[in-house]
Amino acid sequence: MNKRILLIATLLLVVFMTSSALTLKRHQVTIVNEAGDAKPIQRAVATLQADLEKVMGFKVPVASSINGAVTLLIVNDAVATPSGIKPLEDEEEHEVYVDNRQKRVVLHGHDMRGTIYAIYTFTEQVLNVPPLWFFCDWQPVKRSTITTNINFHAASPQVRFRAWFPNDTDLLTPWHKKSEKNEEMWLEAMLRLKLNCVELETTVTYPDYKMSDEAQLVSDMGIVLTSHHHVALNNSFARWDEYWREVRHEEPHKPSIHRLLDLIEFWTYNVKTVHQSGIENLWQVTFRGRGDQPFWAFFDDAPKSDEERGAVISQMMQIQLDIIKEVTGESDPYVRTTFYDEMSNLLAKGYIKPPKGENMIWTYVAARRDHYPNDDVVAFDSSLGVKLGYYFNYQFTSTGSHIAACEGPWKMEFNYRYVNSKCPLLFSVVNAGNVREHLTELAANAAMMWSFDSYDTDTWLRDYCAQYFGQKNAKAVAQLYRDFYNAYWQPKPTEFPGLNSRQFNFQDMRYARCMDQILGRFWKYADNPLQDIGYESVKGRSFRIQGANQVDTLIKNMELTARRFESVAAQGEKLAPSIPASQRTWYYDNLQAPATFMAHISNALHHFMLAYKGQKDKSYVRTHITTAIEQMEAAKAAIYATHHGEFSDWYTKEYLFGADGKISGMKRIIEEME
């Protein structure tokens, strides 16, 4: 009897699933767009057509009526909600479901971005187009028919503003310039990952109240614009002279904290430009110098004491906020400020009193050079009545990751959970450099910012590996990612409570700085040759190397680090044949290549330091410098092997790590001996 009941139930389930499914057939699908004709919607619809064409082999028309075909109905509640469809309630909420009675799949968003996310949900879950398709050498599986019973719903994201910040883009900028498509694809990837905000540097141009082309593109894609931590009101003092020449037609004078009317005029122009453009903008108020420096490095009349400097910063931020309110007419606009470097230090001492408000976002920044919660956010008082934001570095160009990812998604998760425990986050931004090297980490961050409470890095990573490398390989590849991140040298023991052993990492740019500093004075040996970099407010922070002798410590630990990365690369090579051929390119680009690169530069630094220590024996120097050069060439070859398709010359203009310069410098050492 029980078996009969089970059989009947199974048959009923099959009938139900069949009746709720819908089959899309080639040349029998139509897109009906009732979501409006705004540029972001038009772009998303065009992308939907392109994805359908890749998979089904024909361009699906956009029509105003159904015409008997299966319909992909695109709905935006902010424009109109057709009868029979229940409106969604919250910002960026979206759903995709089969309506078999109407012979349609409904792609439905509460607002413009919710609608875009619904479109990309359909392409990912029905067409199997992964969010990183452009970067991962994705090859579509051609299908003339697709049967789906999708029933997907996403509530509003838990973090309202979810941003990327491309910074120090020595590789990304020339790649963008190659084609209009390249400029757009990283923004499209953001939308496919369901991010909604981009942080840029100066975006106001002169003299006609115009925004930059880059800012306009961000807006046309449907993404919110915000500003870098040294940029107030979408512009910085790097453009001060240009303002006076191009707008006022007079020779510029150096700004003064005592000539407030000049500062107010400059800032007001910027706010009016942004407001008149209609671009969706998350304002930033701050007071820093010309570029990434404290204001007292640029203003000749700046006070000398920390307390007075903090008072000036507090005054200037309040003036900027007042200008925003006056120009926009908003009584409580969304505004953020960012506590970076000296701003963080002064805030921690209580010398900065930032503006407060219902929609004021205080953005704290992970500690500089090594990315964990800094003292100011540790001391945050949740009773202050402000919203909270957090800026996390996946890369840090002077001493952080550049060519190989290092911080990892687990460290990202710890940081954000710690900060969110102080006060629920409203804003997140991750610094991603040239983007391509950090895409797996960036995808993890995007997933966490949408579903903060349910996100778990281990679970997410297995799902990610299943999507990009095949279900049967997911567990093994996920473990290989963990082994890769754990292969980095930890030059200093962990100090932050609750953080695992990866608080301090020796990233690839620390390798680069070591080589650069010693190449500059190779024949003047010292046990501790490395010096802090530039404007370094914390002694020893640039390298974090512990012990009485930097040279011996590096020699020992670079040898051990090289063996760990070699092990990861060897395991990866062994696993590679089981990866589907269509997914093997991304497997190499994102995991094998950086592991191989790090193994070679670890060996290179090891032999370089041996040569430096043993410089009295010229034969010994020649042997180890020659090996270091060979390892640097092998490191270059590993990353050059990621050149293909749209990325055929990605690393040829690389200069921040500067492998070619280091190889030349090592060759000069041999020449000097001869």
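This is a predicted model: local features need pLDDT of at least 70, side-chain atom pairs count only at pLDDT 80 or more; totals for chains, interfaces and linings use all residues.
Local features need pLDDT of at least 70, side-chain atom pairs count only at pLDDT 80 or more, and totals for chains, interfaces and linings use all residues. Residues are numbered from 1 along each chain as its sequence is written, and side-chain values use heavy atoms, without hydrogens and water.

**View 1. The largest cavity holds about 180 Å³ of space.** Its lining has 20 residues; the closest to the centre are Ile-403, Glu-437, Asp-589, Asn-590 and Pro-594. A cavity is a set of points on a 1 Å grid over the protein atoms alone where a 1.4 Å probe fits but cannot get out; lining residues have an atom within 4 Å of a point. Helix α18 gives the largest share of this lining, five residues. Helices are DSSP runs (H or I, at least four residues), and strands are runs of E, at least two.

**View 2. The second largest cavity holds about 80 Å³ of space.** Residues lining this cavity include Phe-339, Tyr-340, Arg-368 and Arg-541.

**View 3. A cis peptide bond joins Tyr-206 to Pro-207.** Omega is near 5°. Pro-207 sits in the loop between β11 (204-205) and β12 (210-211). Most peptide bonds are trans.

**View 4. His-27 and Arg-369 have positive phi.** The values are near 70° for His-27 and about 75° for Arg-369. Arg-369 is buried (under 20%), at 2%.

Terms used: On a 1 Å grid over the protein atoms alone, a cavity is a set of points where a 1.4 Å probe fits but cannot get out, and a pocket is an open set with protein on both sides within 12 Å along at least five of seven lines; lining residues have an atom within 4 Å of a point. Grid points are joined across faces, edges and corners, and a volume is the space filled by probe spheres set on the points. Buried means under 20% relative accessible area, exposed over 50%, partly exposed in between (1.4 Å probe, protein chains only).
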